[in-house]
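Here's a quick look at some helix packing and a couple of ring pairs. Have the model open while you read.

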Amino acid sequence: MDAYSGGKTDDGEQPDTVRGSDDITVKPSRLPVHWSKHRKQLGFLAMAALALAGLVIVGVRVGWWYGGLAALAVGIVTTALPIIWSFLGFLELNDPGPWFTSAANLGTQASRLQAHYERIEGTLRFWKNKATAHYRLHLARVMWNLISSVSLPVLVQRFEKDEPGAVLFMTTLTAWTGLISILAYTLKSEEKYQGFRQQESDFYDEGRRLLDFADPNDPKFKERVDDYIRTIDQVRKVGRRVETGSPPSAV
């Protein structure tokens, strides 16, 4: 399922195709392949083009420190917006609903599995958004620390304290880098991303395993479905501990 998330991306686990009751391949809805395959690269290129345009246009007209400030503003905005978007829970879920509604090998357990999925759907959406948000925040910390560590030794040699543009640029760069680093550290973004992402993978792996070997004529199939639901319940408990950072529950 991140933000950057991203699958293993931050966009979350992608369900596999399954065969429906009419032997028709069913795929979950997703962006067109030609776009989704390259959207990260295109987004990065668009950000780089905007930053370069701001640097050149503003730099030529006003001054290069202000041009750098314009490019810096583009970088900050394009970094912050995806993080905020995923923290607010706006990412759509690549859900496995069609697996359970269209699979022809679930027999009398089909409605039960679909009802179970509907109850956990909100949790999956929460996991995906939080995993993506923390993944993006973690990558932002790495990226901006690299930018600052490489650029500051060079820029400080050109810095003029009497130049307002220079002071504003250096202040903005260091303040933003510090802020993004503190947020990622305080929120434990790397650990949270790994935790939420693992629960996503566990859920989809269990669903695939059940569907791949489902046999409604097996007298023990109901027991397998029971075991699946119990396993998903344990996955949810671990996900809750990842969210709250609390010790294991006794129940």
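At what angle do helix H3 and helix H6 pack, and how far apart are their axes? Keep in mind that this is a predicted model. H3 covers residues 64–87 and H6 covers residues 164–186; the packing angle is about 20 degrees, and the axes sit 9 Å apart. Angles under 35 degrees count as roughly parallel, so that's what H3 and H6 are to each other. The crossing of H3 past H6 is left-handed.

Who's touching whom? On the H3 side the contact residues include Trp65, Leu69, Leu72, Ile76 and Ile83, while H6 brings in, among them, Leu168, Phe169, Leu173, Trp176 and Ile180. Sorted by type, the residues of this contact come out as 15 nonpolar, four polar and no charged.

Now for the rings. Searching the whole structure turns up six aromatic pairs. Here are two of them:

| Pair | Centre to centre | Angle between planes | Geometry |
|---|---|---|---|
| Tyr135 and Tyr193 | 4.5 Å | 35 degrees | tilted |
| Trp144 and Trp176 | 6.2 Å | 85 degrees | edge-to-face |

Tyr135 belongs to helix H5 (residues 110–158) and Tyr193 to helix H7 (residues 189–212), so this pair ties together parts 58 residues apart in sequence. Tyr193 has a relative accessible area of 11%, so it counts as buried.

Conventions:
Residues are numbered from 1 along each chain as its sequence is written. This is a predicted model: local features need pLDDT of at least 70, side-chain atom pairs count only at pLDDT 80 or more; totals for chains, interfaces and linings use all residues. Side-chain values use heavy atoms; hydrogens and water are left out. Axes are lines fitted to C-alpha atoms, for helices over the stretch in contact, and angles run from 0 to 180 degrees between N-to-C directions. Helices (H or I, at least four residues) and strands (E, at least two) are DSSP runs, numbered from the N terminus. Angles under 35 degrees count as roughly parallel, over 145 as roughly antiparallel, 65 to 115 as roughly perpendicular and the rest as oblique. A crossing is left-handed if the near helix is turned anticlockwise from the far one by less than a right angle, and right-handed if clockwise. Contact means heavy atoms within 4.5 Å. Ala, Val, Leu, Ile, Met, Phe, Trp, Tyr, Cys and Pro count as nonpolar, Asp, Glu, Lys and Arg as charged, and the others, Gly among them, as polar. Rings of Phe, Tyr and Trp (its six-membered ring) pair if their centres lie within 6.5 Å; planes under 30 degrees apart count as stacked, over 60 as edge-to-face and the rest as tilted. Buried means under 20% relative accessible area, exposed over 50%, partly exposed in between (1.4 Å probe, protein chains only).
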